[in-house]
Amino acid sequence: MSRLPIVAVVGFPNVGKSTLVNRLAGGREAVTHAEPGVTRDRKRVRCEWNGVAFELLDTGGIDLEDSSELARDIQRQARVGIAEAAVVLFVVDARAGVRAGDAELARMLRGAEVPVLVVANKVDRPEDEHLTAELNRLGLGEPLPVSATHGLGSGDLLDRVVADLGERVVPGEEDDLTRVAVIGRPNAGKSSLVNAFLGSERVIVSNRAGTTRDAIDTELEVDDRRVVLIDTAGLRRRAKVAGSVDYYAQLRSERAVERADVALVVCDATDGVTAEDLRVAELAMRAGCATLLVLNKWDVTQTDVDDARARVVRKSRLRPPVITCSATRGRNVANLLPKALELADRAGERIPTPELNRFVADVVARNQPPARRGRRLKLYYAAQVGERPVRIAIQVNDRKLIVRDWAYHLENRLREEYGLEGIPVVIDFMPRSRSQR
């Protein structure tokens, strides 16, 4: 788990918690929307102020009177967040005053063993600070006036947070982390799989599609290696979510893939590997992310895994490995993260230049490029020039002589020879300069 102290941000729905997190962290890390109840899981965002680093924990809105299943899940997640915290920020809408839900939550927080700061949000002008007076009734000390939207009072709030945390050292860079994004279509079992990895209900699971609306990072250790699991919202086509809160969740999921080393594309095995699953895998590939297809819910399907693999080979140039599991029963779950780490390591390896040139010469000897207009493509020199994605530069006599099918043949042989299935490969055919002729 993270070694940084945690500052939990809690409050009634739609009081501006996620907006405040974004303001304090100096970015747009948490999804915000006018619709209440957007945040559901616990989302951690790194923050630093005056040389002190900590994690802001954005939580779902707590309405203790709401008895729905989703509301109870959100309440449970928020309580776990409070238990983990070194400081709690209790966010209240100063313009609305003390509501029944605020009073109920204040009674719960008065028993907390850590400092609780009442944040009077939506005080957008200095002359509105008198609105905070009523919040003294909560019995948690003097409220701090803040405008999460405009930034008023945010510096003073951070000063108080740092003072309550005490003096702490900023840890070094996290270059040794391997980031694994769990992506896929809605309701494929992504959050269930993350919870199975962690051995606890870290993220909310529901039969209702679209429960997860943000990218949730969780750190753990696998075989003595630090891994960050990124649970994401279900990926749909953007046209289907345009104009809704799910559109912003979609953007967060796409950004999560861009910063990941490996993507586990979770598919619903009862549907097999669909065209939409392959589209999600292609999205990960374009982001330079190694990819593993996970057929979840394997315990309730009759789908043939060999047929699923054959479909992947036919439909996807990336040819990601396919592995089956059952997140709810734990079947084969223990093998997924070691396999993901293996892919990450392979994506970062380099092929020695002499070996690569011998390989290319052998492929050409076995299957020459087809001639075009009486001329044939000649390959002079190959070298690996990058990784993540694996990038190979090959000098040729004339790029116009490249036949796409033969280029795909070369790429496929490369994947087979060096175990690059599921790893993005880019081959640049470079014209030979005049000085080299």
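**Note on sheets and packing helices**

1. Strand S1 and strand S3 (residues 52-58) are paired in the parallel sense through four bridges. Within S3, Leu56 is the bridge partner of Val7. Here strands (E, at least two residues) and helices (H or I, at least four) are DSSP runs, numbered from the N terminus, and two strands pair if DSSP finds at least two bridges between them.

2. The model is predicted: local features need pLDDT of at least 70 and side-chain atom pairs count only at pLDDT 80 or more, whereas totals for chains, interfaces and linings use all residues. Residues are numbered from 1 along each chain as its sequence is written, and side-chain values use heavy atoms, with hydrogens and water left out.

3. S1 also pairs with strand S4 (residues 87-93), again in the parallel sense, over five bridges. Val87 in S4 stands opposite Val7.

4. S1 (residues 6-11) is mostly covered, six of its six residues being buried (under 20% relative accessible area, with exposed over 50% and partly exposed in between; 1.4 Å probe, protein chains only). In a regular strand, side chains alternate between the two faces of the sheet. In S1, Ile6, Ala8 and Val10 point one way, while Val7, Val9 and Gly11 point the other way.

5. (Axes are lines fitted to C-alpha atoms, for helices over the stretch in contact; angles run from 0 to 180 degrees between N-to-C directions.)

6. S8 and strand S9 (residues 225-231) run antiparallel and are joined by seven bridges. The bridge partner of Asp217 in S9 is Ile230.

7. Three strands form another open sheet, in the order S13-S14-S15 and with mixed pairing. The edge strands are S13 (379-386) and S15 (425-431). S13 pairs with S14 (residues 390-396) in the antiparallel sense over six bridges, and Tyr381 stands opposite Gln395 in S14. Helix H11 (residues 353-366) packs on this sheet, touching S13 and S14. Helix H12 (residues 404-418) lies across S13, S14 and S15, running at about 130° to S15.

Conventions
Contact = heavy atoms within 4.5 Å.
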